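Reader: I'd like to go through this one piece by piece. Can you take my questions as they come?

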Amino acid sequence: KMQYLGIIPARGGSKGVPRKNIKDLGGIPLIAHTIRTALESNLTKVIVSTDDEEIANIAQKFGAEVPFLRPHSLSDDISKSIDVARHGLIEIENIYKTCYDAVMYLQPTTPFRNVEDINSSIILLNSNDKADSVISVVDVQGHHPARMKYIENGLLIDPEFCEKLENQNRQELRPMFIRNGAIYLSKRETILHGSFKGKYCLANIMPSGRSINIDNQEDFEYAKWIINKI
């Protein structure tokens, strides 16, 4: 049986929405939604990687392990997610003297992913011997690149890659997808080599309703509206 480590990153110094990881969403802190879902899934272990004592205490209250505090050098605005994931993997393997086959990186800012989204990603990775990673995506729908423009001196300019697509109906366009930030599942070697996306990466397509990613206050207000409708 493969061993899966779930890492939930939650630094204390968020700028777009101050303290957003512990901000109330539907009666519980934002991070608690991800913790609860992860703990109900088929992940072997779930930890929170944070530099913040208050976040650590809240995470533990909701059942996640916080075996270490992340160094400040990996907790500023320019810190890379892959470095946080790699640090978490190495720390946990050193602490528990064990080895994990894969890491799932679960950002708290996509709180509407469900247990099936996590488990289906694990199934996808197991279903193909070549696969080294699974990333969740969502259909761009009306934001298709064929509709995009450059602006030069106030004029709309068609990028070369979409000139031939400009006049096609939406139904005629080949579907395109964008990462929704909900799930990054990567085998151990892929993480240690410094990437979430390996050479053979599979897609887990999620619906737009579960793909809301909270970056700013408007996103947070929309998430609150959604959760009150559920």
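Author: Start just after helix 2, where G63 takes a positive phi of about 105 degrees. Helices here are DSSP runs of H or I, at least four residues, and strands are runs of E, at least two, numbered from the N terminus. This is a predicted model: local features need pLDDT of at least 70, side-chain atom pairs count only at pLDDT 80 or more, and totals for chains, interfaces and linings use all residues. Residues are numbered from 1 along each chain as its sequence is written, and side-chain values use heavy atoms, with hydrogens and water left out.

Reader: Which residues of helix 2 are buried?

Author: I55, A56, I58 and A59, in a helix that covers residues 53-61. Buried means under 20% relative accessible area, exposed over 50%, partly exposed in between (1.4 Å probe, protein chains only).

Reader: How do they sit around the axis of helix 2?

Author: They fall within an arc of 165 degrees, so they line one face of the helix. The arc is taken from the directions from the helix axis to the C-beta atoms. On the other side, E53 and K61 are exposed.

Reader: What do the buried residues of helix 2 pack against?

Author: Strand 3 (28-29), helix 1 (30-40) and strand 4 (45-49).

Reader: And what happens at the start of helix 2?

Author: A side-chain oxygen of D52 comes to within 3.0 Å of the backbone nitrogen of E54.

Reader: New topic. Where is K20?

Author: In the loop between strand 1 (4-9) and strand 2 (24-25). K20 is buried but has no salt bridge. A salt bridge needs a side-chain nitrogen of Lys or Arg within 4 Å of a carboxyl oxygen of Asp or Glu.

Reader: Which side chain of opposite charge is nearest to K20?

Author: D215, 4.7 Å away. Lys and Arg count as positive, Asp and Glu as negative; His and the chain ends are not counted. The K20 side chain also reaches the backbone oxygen of I214 at 3.4 Å.

Reader: What about D132, buried or exposed?

Author: D132 is buried, again without a salt bridge. K199 is its nearest side chain of opposite charge, at 7.5 Å. D132 lies in the loop between helix 4 (115-127) and strand 6 (133-139). Leaving aside neighbours within four places in sequence, its contacts (heavy atoms within 4.5 Å) include K199, Y200 and C201.

Reader: How many disulfides are there?

Author: A search of the whole structure finds 0 (cysteine sulfur atoms within 2.5 Å would count). C201 is partly exposed at 27% relative accessibility, and C99 is partly exposed at 45%.

Conventions: A polar contact is a pair of N or O atoms within 3.5 Å; within protein, one must be able to donate a hydrogen and the other to accept it, and residues adjacent in sequence count only if both atoms are side-chain atoms.
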